[in-house]
Amino acid sequence: MSTLATQETVASDETPRTLPYAPGWVDRLTDRVRALPLPPWLTYLWCAIALAAVQTAVKWSDGTYPVPEVFTYHLAIAATGPTVLALLHYLDDWAGSAL
């Protein structure tokens, strides 16, 4: 089982409570992003840029787009995943500080 140590339990030397479930993949991902030396927003921004670049390169290579042309709608679609993950990360931090 996973354990969760809050500031209160660490300060009062109590044993951390046990979660009734294992952390999900989003929780594990945000924990890895927190462990990186970069700020989390920069990590998610680079991920969005990389996905948008890959999608644009694929569209250029298969002839869907003319080579210098980029559609912002498709860039927004590529950036949606990292944006949602960043939102979940910061909402999790906000909720943790509120509790």
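Helices (H or I, at least four residues) and strands (E, at least two) are DSSP runs, numbered from the N terminus. The model shown is predicted: local features need pLDDT of at least 70, side-chain atom pairs count only at pLDDT 80 or more, and totals for chains, interfaces and linings use all residues. Residues are numbered from 1 along each chain as its sequence is written, and side-chain values use heavy atoms, with hydrogens and water left out.

Figure 1. The protein has 99 residues, of which 16% are buried; buried means under 20% relative accessible area, exposed over 50%, and partly exposed in between (1.4 Å probe, protein chains only). Its accessible surface is about 7,500 Å², and carbon and sulfur atoms account for 69% of that area. Accessible areas come from the Shrake-Rupley method with a 1.4 Å probe, and for residues only the protein chains shown count as cover. Among the contacts with a separation of 6 or more, 41% join residues 24 or more positions apart, where contact means heavy atoms within 4.5 Å.

**Figure 2. Confidence in the model is lowest in helix α1 and highest in α3.** The score is pLDDT, the predictor's confidence in each residue, from 0 to 100. Its average over the protein is 83, and 84% of the residues score at least 70. Helix α1 (residues 7–11) has a mean of 51, against 92 for α3.

**Figure 3. Helix α3 covers residues 40–61.** This helix has 22 residues and spans 32 Å from its first C-alpha to its last, close to the 32 Å expected at 1.5 Å a residue. The expected span is 1.5 Å times one less than the number of residues in the helix. Thr 43, Tyr 44, Ala 48, Ala 52 and Thr 56 are the buried residues of α3. An α-helix has 3.6 residues a turn, so residues three or four places apart point the same way. The cover over the buried residues of α3 includes α2 (25–35) and α4 (72–98). After α3 comes Gly 63, which has a positive phi, near 85°.

**Figure 4. Two buried threonines, Thr 43 and Thr 56, belong to α3.** Thr 43, in helix α3, has a relative accessible area of 18% and is therefore buried. Apart from its neighbours within four places in sequence, Thr 43 is in contact with Val 33, Leu 36 and Leu 38. Thr 56 also has its place in helix α3, and its relative accessible area is 9%, so Thr 56 is buried. With neighbours within four places in sequence again left aside, the contacts of Thr 56 are Val 70 and Leu 75.

**Figure 5. Helices α2 and α4 cross at roughly 80°.** Their axes come within 10 Å, and the crossing angle makes α2 roughly perpendicular to α4. On the α2 side the contact is made by Trp 25, Val 26, Asp 27, Leu 29, Thr 30, Val 33 and Arg 34, and on the α4 side by Leu 85, Leu 88, His 89, Asp 92 and Asp 93. Axes are lines fitted to C-alpha atoms, for helices over the stretch in contact, and angles run from 0 to 180 degrees between N-to-C directions. Angles under 35 degrees count as roughly parallel, over 145 as roughly antiparallel, 65 to 115 as roughly perpendicular and the rest as oblique. Leu 29, in helix α2, is partly exposed, at 30% relative accessibility.

**Figure 6. Thr 72 is an exposed residue of helix α4.** The relative accessible area of Thr 72 is 65%. A distance of 9.7 Å separates its C-alpha atom from that of Ala 52, 20 residues apart along the chain.
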